[in-house]
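Morning, everyone. Please have a look at the chain on the screen, and I will walk you through it.

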Amino acid sequence: EIEKNINTVNLKISCERDIFINARPLALKRSFENVIQNGLVYGKNVKVNAQKGNNRAIVTIEDDGPGIPEEQYKNVLKPFFRLDKSRSLNKSGVGLGLAIVEDVINSHGGNVQMGKSSLNGLEVKITLPFWFFLIFLFLLVVFEQFFSKPQIHPLKQVQVYSLFYFF
């Protein structure tokens with residue numbers, strides 16, 4: 001899906017087919033696309049690898065751009081933060097992309113980590129639990145049975161997807 005949307009020879013994707021997660025597909029897809037697009041804007045090549053970890057899916061997105069200084073990793077996840085205003089004048093965006101990515105990934109029970117990539121640019125590692133939301137949704141349904149007026153919760157739109165679906 002993402003590979004079709006971005007459509008560039010500079011994007012290499014490797015994804016195990018048997019990784020299943022609970023996800024809000026549109027939000028998760030946009031998060032992956034945001035990180036990949038950032039890599040293509042600031043670098044020339046992007047490599048994506050999705051694999052199974054211990055009870056977690058691990059998606060690693062690497063680029064060959066200038067990277068981000070280690071002391072700025074936390075800052076770039078803050079809303080409206082721009083790393084280098086003068087360097088970014090010709091780049092679109094207002095500094096919300098990575099903040100939204102982190103929020104979406106956290107809402108899925110995952111986390112975002114940054115580091116130096118094997119391509120000498122930025123590495124963004126996203127980890128997502130396999131069954132976090134399934135347990136949460138079960139508890140939500142049980143809890144709502146005790147109320148006469150059940151409420152619709154947006155997390156009920158979560159479904160099980162193969163991680164391969166996104167790439």
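Let's start with the parts list. The chain has 4 helices and 7 strands. Helices here are DSSP runs of H or I with at least four residues, strands are runs of E with at least two, and both are numbered from the N terminus. Along the sequence, the pattern reads α-β-β-α-β-β-α-β-β-α-β.

A word on where this comes from. This is a predicted model, so local features need pLDDT of at least 70, side-chain atom pairs count only at pLDDT 80 or more, and totals for chains, interfaces and linings use all residues. Residues are numbered from 1 along each chain as its sequence is written, and side-chain values use heavy atoms, with hydrogens and water left out.

Now the whole chain. How much of the chain is buried? Of its 167 residues, 42% count as buried. Buried means under 20% relative accessible area, exposed means over 50%, and partly exposed is in between, with a 1.4 Å probe and protein chains only. The accessible surface comes to about 9,900 Å², and 54% of that belongs to carbon and sulfur atoms. Those areas come from the Shrake-Rupley method with a 1.4 Å probe; for residues, only the protein chains shown count as cover.

Next, contacts, meaning heavy atoms within 4.5 Å. Take the contacts between residues at least 6 apart in sequence: 65% of them join residues at least 24 apart.

On to the sheet. In what order do the strands of the open sheet run? There are 5 strands, in the order S1-S3-S4-S6-S5, and the pairing is mixed. Strand S1 (11-15) and S5 stand at the edges with a single partner strand each, so one side of each has no neighbour in the sheet. On average, neighbouring strands are turned by 15° against each other, direction ignored. Two strands pair if DSSP finds at least two bridges between them. S3 and S4 pair in the antiparallel sense, over 7 bridges. Look at Lys 52: its bridge partner in S4 is Ala 57.

Which strands does H2 lie across? H2 lies across S1, S3, S4 and S6, and runs at about 25° to S4. Helix H3 (residues 97-107) lies across S5 and S6, at about 130° to S5. Axes are lines fitted to C-alpha atoms, for helices over the stretch in contact, and angles run from 0 to 180 degrees between N-to-C directions.

Now zoom in on Thr 127. This residue sits in strand S6 (residues 122-129). Thr 127 counts as buried because its relative accessible area is 9%. Which side chains make polar contacts with Thr 127? One is Asn 111, at 2.8 Å. Another is Arg 56, at 3.5 Å. A polar contact is a pair of N or O atoms within 3.5 Å; within protein, one must be able to donate a hydrogen and the other to accept it, and residues adjacent in sequence count only if both atoms are side-chain atoms. Leaving out residues up to four places away in sequence, Thr 127 also touches others, including Ile 58 and Ile 105. Lys 52 is 75 residues away along the chain, yet the two C-alpha atoms are separated by 9.5 Å.

Next, charges. Side chains of opposite charge can pair when their charged atoms come close. A salt bridge is a side-chain nitrogen of Lys or Arg within 4 Å of a carboxyl oxygen of Asp or Glu. By this rule there are 2 salt bridges.

In one, Lys 29 meets Glu 33, with the closest N and O atoms 3.4 Å apart. Both lie in helix H2 (residues 25-42), 4 residues apart, so about one helical turn separates them. Lys 29 and Glu 33 are both buried.

In the other, Lys 47 meets Glu 62, and the closest N and O atoms are 3.6 Å apart. This pair links distant parts of the chain: Lys 47 in strand S3 and Glu 62 in strand S4, 15 residues apart. Lys 47 is partly exposed, at 33% relative accessible area. Glu 62 is buried, at 8%. A polar atom of the Glu 62 side chain also lies 2.6 Å from the backbone nitrogen of Ser 118.

Last stop, two loops. Asn 55 lies between strand S3 (46-52) and strand S4 (56-63). Its phi is positive, about 60°, although Asn 55 is not a glycine. Is Asn 55 buried or exposed? Asn 55 counts as exposed, at 61% relative accessibility. Asn 120 lies in the loop between strand S5 (111-116) and S6. Asn 120 has a positive phi of about 75°, and is not a glycine. Asn 120 is exposed, at 53%.
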